[in-house]
Amino acid sequence: AGSDFPSPPQASYRQLMSMTSDYGLTPHAPGRHFAYNNEGVQFYGVAMDKQFFDSIGPVAVLQRIFWDTIGRQDEVRFTGYWSGWDGGFAISARDCARLGLLVQRRGEWNGKQILSRAFVDALFTHQIPAGATENKSTGQATGKSNKWNQQQFNREMSEGYSYGFWILRGDTLAPNEAIAANGRGGNYIIIAPRHELVIAVTNNQTNPPPPKPERY
């Protein structure tokens, strides 16, 4: 993925998506550490757009990958970072639910396989390698906000994280049974295929956000 920063070795897209890339952090040993890294998400979002979509931009990328096939009902807006820092994507609850249904259906929509089944199945499996430790580097952070390593999320990530999705825990859940995409400001997509359940919650950030789902 070209992410040999601040030094080699390069990280793979899978390491970037699982927050194990060490992007911008030291020690730099992709796959051996984990850190919630907004700059890493921004890097691979821009890199994939350039490599596979000729730099058409975040909304157009989602349009081509998803909406052209599964459809959408509302406008999609984007500001700031791919990771959601300083804005991210603004998607309606019903269109978020469509994305959740796509995952629930193992990447298939009206008979067309949009995402590989193997990749969707991997979303329900903890992707941080056994033995990986928290990278506590602050990277190039300045001031109180740290796009490189939001350490308040690292402990939760070590307990269950795949490729941008959190693996939910709970007394009624079998292992790796439900996942959640937790967005900035109280936006969530919860997916539990065995229960044929998709929950989409959006929040305009003018009201206190609902609590982040941790248990089911």
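Where is the place of Asn-38? Here are some friendly notes, starting with that residue.

1. Before the details, the ground rules: this is a predicted model, in which local features need pLDDT of at least 70 and side-chain atom pairs count only at pLDDT 80 or more, while totals for chains, interfaces and linings use all residues. Residues are numbered from 1 along each chain as its sequence is written, and side-chain values use heavy atoms, with hydrogens and water left out.

2. Asn-38 has its place in helix α2; helices here are DSSP runs of H or I with at least four residues, strands are runs of E with at least two, and both are numbered from the N terminus. With a relative accessible area of 3%, Asn-38 is buried (buried means under 20%, exposed over 50%, partly exposed in between, with a 1.4 Å probe and protein chains only). Not counting residues up to four places away in sequence, Asn-38 touches Tyr-81, Ser-83, Trp-85, Lys-147 and Gln-150; contact means heavy atoms within 4.5 Å.

3. Next, a helix pair. α3 (residues 58–70) and α4 (residues 93–104) pack at about 95°, their axes 11 Å apart. Axes are lines fitted to C-alpha atoms, for helices over the stretch in contact, and angles between N-to-C directions run from 0 to 180 degrees. The two helices are therefore roughly perpendicular (65 to 115 degrees; under 35 is roughly parallel, over 145 roughly antiparallel, the rest oblique). Phe-66, Trp-67 and Ile-70 of α3 meet Asp-95, Arg-98, Leu-99 and Leu-102 of α4.

4. Phe-66 and Trp-67 turn up again in the largest nonpolar core, which has 45 residues; they are among those with the most contacts inside it, together with Met-157 and Ile-179. A nonpolar core is a set of buried Ala, Val, Leu, Ile, Met, Phe, Trp, Tyr and Cys residues joined through side-chain atoms within 4.5 Å. Leaving aside neighbours within four places in sequence, Phe-66 is in contact with Gly-71, Leu-99, Leu-102 and Leu-115. Another core, of six residues, lies apart from the largest one and includes Leu-173, Ala-178, Ile-190 and Ala-192.

5. Finally, the sheet. Four strands form an open antiparallel sheet in the order β7-β8-β9-β10; two strands pair if DSSP finds at least two bridges between them. β7 and β10 (197–201) each have a single partner strand, so one side of each has no neighbour in the sheet. Five bridges join β9 to β10, and Ile-199 in β10 is the bridge partner of Ile-190. α4 lies across β8, β9 and β10, at about 150° to β10.
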